[in-house]
Amino acid sequence: NLVKAIHWAGEQQVDIISMSFGCTDHDDLSDISAAIEKVERDLKKAVIFLASAGNSGPFQGEAFPARHNLVISIYAASHDGEFLASNPLRSDPDNLLALSTFGVIPDIIKHELEPHCCKGVLEPGSSVATAISAGIAATILSYATVLPCVLAMDNSSRLLQKLKTMPGMVKMLKRMCAPGRTDYFVNPIWFWGTVKSNLDVFCALNDCTLTNC
């Protein structure tokens, strides 16, 4: 079913495939890997894959497909940017920094959603953070679509082409992290609070879509 879902999303030519789940090493993962690689190839890299790093705690590594080399692995953080204890070990020990974002649903929203959700769905963790990351990425792509028109600049196609790739989106998400932190905490509230104009946002987007990103 996961393979069918990934293929279906690719056939719809989506911009983002968000996977708020993780598979264990006991599962046969080759078909899922092949599906991710086929969609990326068919869409000529114009797709962003996001997946939950996992909630196994510091005694196990990242879940799959988060550790796939075409997928952006998302960790969970509290509202103030602190890594949750449920986050797993990073799969790459040389990479001391990891992308995280809000992984805890505020009580006021949780109480509103609980009657409509299965038990355990709203618990804190990287699955929540992955869904929120998908929303952040979608906002970035939407803004990049209209911004050149607002600024009367014919640069939309290049911006989107670069942002719809793993390196481009990773760089943009890192740009949305407040400086001076140990880890990359993607905080769109901080980012939109620091930019002063549409031109500032355009410059940020453009910096993240250079060829060496």
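For sorting residues by class, Ala, Val, Leu, Ile, Met, Phe, Trp, Tyr, Cys and Pro count as nonpolar, Asp, Glu, Lys and Arg as charged, and the others, Gly among them, as polar. By that scheme, the lining of the second largest pocket splits into four nonpolar, 10 polar and three charged residues. The model here is a predicted one, so local features need pLDDT of at least 70 and side-chain atom pairs count only at pLDDT 80 or more, while totals for chains, interfaces and linings use all residues. Residues are numbered from 1 along each chain as its sequence is written, and side-chain values use heavy atoms, with hydrogens and water left out.

Going along the sequence, the pattern reads α-β-α-β-β-β-α-α-α-α-β-α-α. Of the 213 residues, 43% count as buried, where buried means under 20% relative accessible area, exposed over 50%, and partly exposed in between (1.4 Å probe, protein chains only).

On a 1 Å grid over the protein atoms alone, a cavity is a set of points where a 1.4 Å probe fits but cannot get out; a pocket is an open set with protein on both sides within 12 Å along at least five of seven lines, and lining residues have an atom within 4 Å of a point. Grid points are joined across faces, edges and corners, and a volume is the space filled by probe spheres set on the points. The second largest pocket comes out at about 290 Å³. Its lining has 17 residues, and C23, S56, Q60, G61 and A63 lie nearest its centre.

There is one cavity of 30 Å³ or more, and the largest cavity holds about 40 Å³ of space. Two or more lining residues come from each of α4, α7 (188–194) and α8 (198–207). The lining consists of I140, Y143, M172, M176, F191, W192, V201 and L205, which by class makes eight nonpolar, no polar and no charged residues.

On to charge pairing: the whole structure has three salt bridges (a side-chain nitrogen of Lys or Arg within 4 Å of a carboxyl oxygen of Asp or Glu). One of them joins D15 to K164, with the closest N and O atoms 2.9 Å apart. D15 sits in the loop between α1 (2–11) and β1 (16–19) and K164 in the loop between α5 (156–163) and α6 (166–175), so this pair ties together parts 149 residues apart in sequence. D15 itself is partly exposed, at 31% relative accessible area.

Another salt bridge brings K38 and D42 together at 2.6 Å, N to O. Both residues belong to helix α2 (residues 30–42) and are four residues apart, about one turn of the helix. K38 is partly exposed at 35%, and D42 is partly exposed at 43%.

K110 also pairs with E123, at 3.7 Å between the closest N and O atoms. This one links distant parts of the chain, with K110 in helix α3 (residues 107–113) and E123 in the loop between α3 and α4 (126–150), 13 residues apart. K110 counts as buried at 16% relative accessibility, whereas E123 is partly exposed at 44%.

Helix α3 also contains I108, which is exposed at 70% relative accessibility.
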